[in-house]
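I went through the helices and then the strands.

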Amino acid sequence: MRVRRWFAVTLCGLVLASSAAAWAGQRSTDPVTVTLSASALDQYVGQYHGAEEPDAVDSVYREGDTLYIESERKARAELRPEGGDRFVAPGSLLRTEFLRDAGGKVTGVKMMYGPNASWELQRFSDAGVRLNHALAYTRSVVMMPMRDGVKLHAVILRPVGSETSGAPLPFMMQRTPYGTDDNSSDSVNSSKPELAASGYIFVFCDIRGRYESEGQFVMNRPIVAHLTKKDVDETTDTRDTIDWLLKNIPNNNGRVGVMGVSYPGFLAMMAGIDAHPAVKAISPQAPMTDVWMGDDFFHNGAFRETYGFDYVQELEKQKTTKTVESTGDTYDFFLQHVNFAGAAKEAHMSKLPTAKAFLTQPSYTKFWRDMAVQPHLTKVEVPTLEVGGWWDQEDMWGTQAEYAALEPHDSKHEVFLVLGPWNHGGWSWTTRHLGPLDFGAATGDQYRKQIEAPFFEKYLKDRAGFDLRDTDSFRTGVNQWKRYDAWPPKVGFRAEKLYLNDGGGLSFTAPTGGGVAASYVSDPANPIPYRHRPIQATYGNGSKWRTWLVEDQRFVSDRNDLANFSTPVLDHDVTVTGDVMADLFAATTGSDADWVVKLIDVYPEDGAEGMGGYQLMIADEIFRGRYAKSFEKPQALVPGKVTEFKWSLHGVDHTFLKGHRIMVEVQSSWFPLYDRNPQTFVPNIMTAPKKAYKAETETIYGSTQYPSHLEISVAQ
């Protein structure tokens, strides 16, 4: 949900805020430098990159007697020699020291940014070239009146001189709860180099009640009936903002594009509902869509405790975002406080609006249903580009849900979907890697250059180049982009079932006879951690939150409070594409239970590059048992009664390679991301007493009568 500012920028392996100046940071005085001849400077000229993201290139080149460094995302900076092979960028914190081999040839450079950050790049070319084609942007700040008199704050950036000369430009707008003051010419060029180089009027707006905007902030403000001027929501604020921009910003072409990731993705979708006529294209990226059903706060009724705890404090305790930090392992903190009510009391957050909703309305009440976006997507009002990542740790659900809602109404073929190998917002960077995974190409750059920028160029500037018909999907395992006429694709795939068998087997053949596939004791006093401990606050110092979905699952797979089912070693590739459905027949000795199902790719033991035996989650999801019949009206489970639980693990596009194994893992806790189920039915788990938490036996069936399985679509 939280992608702070417009985006973040990866610079030579160092993550810097996009608000930083070109080579950001200021030193009080510039150091004493020396003079080198042009021929001496030439020995440093070349292109350099790092092993982590080799597609992120820094170029060092000479003009006259001056050496410069720049990248595609960062404007050039002068490098002045200090002596030896050391250089400094005047007016910044950047220092460099060039590295030589035994023969004296320059082979790399050590980049030093301030006292604590340093990294090394390798020289791969002796040719220094210009990489940065940024435009200079002017900056202005405005307060825009809405229909009810509230004024919203915005930062506007536009190419220098475009106010009075040149072709009229379209607007590119982002509305956000995360603040806008850090946006500048440098930041927009570094965070969105493709769009910035083309030239847009960028508008960054603080939404109602956040940062410098007036009014009251309401989390995921529901859409209301617009009967009076006081009936406001994000759709009306978007329309009023656009009205003001069209009338007050000179030399615009009357067209508006809206984009955003996470909460701003939710706001981008608001621009496509009751859309202003000037809105010609929107791109909701990892949008918050239904925060109870499958996005940030709940998944199928299971409460995302750590996330709700941290995020609500960050947005509702103050008008500006303040990161929640932890002093210890949050696993211990939430275990000690028993339930969310106890943790919220400790944090003095119980009276915050969304926390109050957590505490009093844990089921899918009207409060949560009113916040949901997908019921409003009953027609396609503007061309829409939905973007999401396979390993999005926050809002994977929204992208696919919005596309699914819009696609049946897409008679003009103006709804597009991109699904890539990314975590939350990962397409904003170069992204060849995610954790230990190497995708073999700069997937983020590919998406932005080949799809995102051409999409907006087509609809806002009438330019050719956007050729996506419907869906572009990155197939993991084989690391290839695939284009489909619809999602999920129908041609070239067949429906299959993967059955959970007695003895830990996983097979495409339905069981004959049989009975219990597996059973285990789930103890709320010892819940299964969702990622490696210690578990830091979501966005706190040292947090591993952003990559937890690609962590090696061997850290829990040998526990005795879960069940594993695996195929033999595959003798051929198996490609699974489309939605994965879990259909579990199970029973509990308690009166409530959680079910977590993971679809896992098990690498060969002799796997290369440290991946031997690695267990990579491909799809995963939780379901809270009390909602088996209704999300609105939870019911106790009957102890010992076999019940069918069926839910989506979301879409995948993955090839399980020959020599790998397919594994399904089933467990009943995923803590503390999801709160503990007491396993005794209580009306409200948020306030469940300590005595309600009891160890219970969970049984999974795999028989002719009760065939637990996954429903998948396999490439023919």
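I began with α6, where 12 of the 12 residues are buried, so this helix is largely enclosed by the rest of the structure. The model is a predicted one.

I read off the buried residues of α6, and they include Glu-305, Asp-310, Glu-314 and Glu-316. Tyr-307, Phe-309, Tyr-311, Val-312 and Leu-315 are also among them.

The partners of α6 are α5 (263-270), β18 (302-303), α7 (330-336), α8 (340-346) and α9 (353-360).

I checked the length of α6, residues 305-316. At 1.5 Å a residue its 12 residues should span 16 Å, and the end C-alpha atoms are 16 Å apart, so the two agree.

I then turned to α11, residues 396-406. Here 10 of the 11 residues are buried, so α11 is largely enclosed by the rest of the structure. The buried residues include Met-396, Trp-397, Tyr-403 and Leu-406, and also Gln-400 and Glu-402.

I listed the packing partners of α11 as well. Its buried residues pack against α5 and against the strands β16 (279-285), β19 (384-389), β20 (415-420), β23 (471-475) and β32 (643-656).

Last, the barrel. I traced 8 strands in a closed barrel, in the order β3-β4-β5-β6-β7-β8-β9-β10, with antiparallel pairing. The twist from one strand to the next averages 35°.

I looked at one pair within the barrel order, β6 and β7. Strand β6 (residues 77-83) and strand β7 (residues 86-88) are antiparallel over 3 bridges. Gly-83 has its bridge partner in β7, namely Arg-86.

Terms used:
Residues are numbered from 1 along each chain as its sequence is written. This is a predicted model: local features need pLDDT of at least 70, side-chain atom pairs count only at pLDDT 80 or more; totals for chains, interfaces and linings use all residues. Side-chain values use heavy atoms; hydrogens and water are left out. Two strands pair if DSSP finds at least two bridges between them. Helices (H or I, at least four residues) and strands (E, at least two) are DSSP runs, numbered from the N terminus. Axes are lines fitted to C-alpha atoms, for helices over the stretch in contact, and angles run from 0 to 180 degrees between N-to-C directions. The expected span of a helix is 1.5 Å times one less than its number of residues. Buried means under 20% relative accessible area, exposed over 50%, partly exposed in between (1.4 Å probe, protein chains only). Contact means heavy atoms within 4.5 Å.
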